[in-house]
Amino acid sequence: MSSKYDVLVIGGGNAALCAAISARGGGASVLVLEGAPKFYRGGNTRHTRNMRCAHDAATEILTGPYTEEEFWEDLLRVTGGQTDEVLARHMIRESKDILNWIVEQGVRWQPSLGGTLSLGRTNSFFL
């Protein structure tokens, strides 16, 4: 390999691709290396397919608001209260910007889910 890059990203999951997109957006030349065959690319996202972000109102893909406080209460339930509150609240607050940013990167979403799970307000599912 004779080319030089400013940033080398190992893996092609959510965190890796967000890092690569951010670095490229900042003007860096970026190389992403992924070891998985095409069918298996995407890291854990391939299996989970969804993300959760706080938002103050319904969006194109979410049916209603999911407040920072509600997100915090859900996180406390899931962790049994074993979480760093300062770090968690920072992540929750900053999550509000993710939905718009990720759409700007070309990510498409499936329509809101309905039925017994009621995830249409809280979870965005990648298409």
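Modeller: R89 is partly exposed, at 27% relative accessibility. The scale works like this: buried means under 20% relative accessible area, exposed means over 50%, and partly exposed lies in between (1.4 Å probe, protein chains only). This is a predicted model, where local features need pLDDT of at least 70 and side-chain atom pairs count only at pLDDT 80 or more, while totals for chains, interfaces and linings use all residues. Residues are numbered from 1 along each chain as its sequence is written, and side-chain values use heavy atoms, with hydrogens and water left out.

What does R89 pair with? Its salt-bridge partner is E85, and the closest N and O atoms are 2.8 Å apart. A salt bridge here is a side-chain nitrogen of Lys or Arg within 4 Å of a carboxyl oxygen of Asp or Glu. The idea behind it is simple: side chains of opposite charge can pair when their charged atoms come close. E85 is partly exposed too, at 40% relative accessibility.

An α-helix has 3.6 residues a turn, so residues three or four places apart point the same way.

S95 counts as buried, because its relative accessibility is 5%. It touches C53, A54 and F71, leaving aside residues up to four places away in sequence. A contact means heavy atoms within 4.5 Å.

Next comes K96, with two salt bridges to look at. One is with D56, where the closest N and O atoms are 3.0 Å apart. This pair links distant parts of the chain: D56 is in the loop between β3 (50–52) and α3 (68–79), K96 is in the loop between α4 (85–95) and α5, and 40 residues separate them. The other is with E68, again at 3.0 Å from N to O. That pair also links distant parts, since E68 lies in helix α3 and K96 in the loop between α4 and α5, 28 residues apart.

How exposed are these three? D56 counts as exposed, because its relative accessibility is 57%. K96 is partly exposed at 25%. E68 is partly exposed at 28%.

The structure holds six salt bridges. Some form a network that links R52, D74 and R77. R52 leads us to T122, which touches M51, R52, C53, L62 and Y66, again leaving aside residues up to four places away. T122 is in the loop between α5 (98–104) and β4 (123–125). T122 counts as buried, because its relative accessibility is 7%.

Now compare a helix elsewhere. Helix α1 covers residues 14–25, and its 12 residues should span 16 Å at 1.5 Å a residue; its end C-alpha atoms are 16 Å apart, which agrees. The expected span is 1.5 Å times one less than the number of residues. The buried residues of α1 are A16, A20 and A23. They cover an arc of only 70 degrees around the axis, so they lie on the same side of α1. The arc is that of the directions from the helix axis to the C-beta atoms. These buried residues pack against β1 (7–10) and β2 (30–33). The face turned away from the buried side carries the exposed residues A15 and G25. Just after α1, G27 takes a positive phi of about 100 degrees.

Strand β1 contains L8. L8, I10 and L33 form a nonpolar surface patch, with about 300 Å² of accessible area together. Patches are made of residues with over 30% relative accessible area and no salt bridge; like charges are joined within 9 Å, and nonpolar side chains (Val, Leu, Ile, Met, Phe, Trp, Tyr) within 5 Å. Accessible areas come from the Shrake-Rupley method with a 1.4 Å probe, and for residues only the protein chains shown count as cover.

Last, the whole protein. It has five helices and four strands. Along the sequence the pattern is β-α-β-α-β-α-α-α-β. Of its 127 residues, 30% count as buried.

Note on methods. Helix = DSSP H or I, 4+ residues; strand = E, 2+ residues; numbered from the N terminus.
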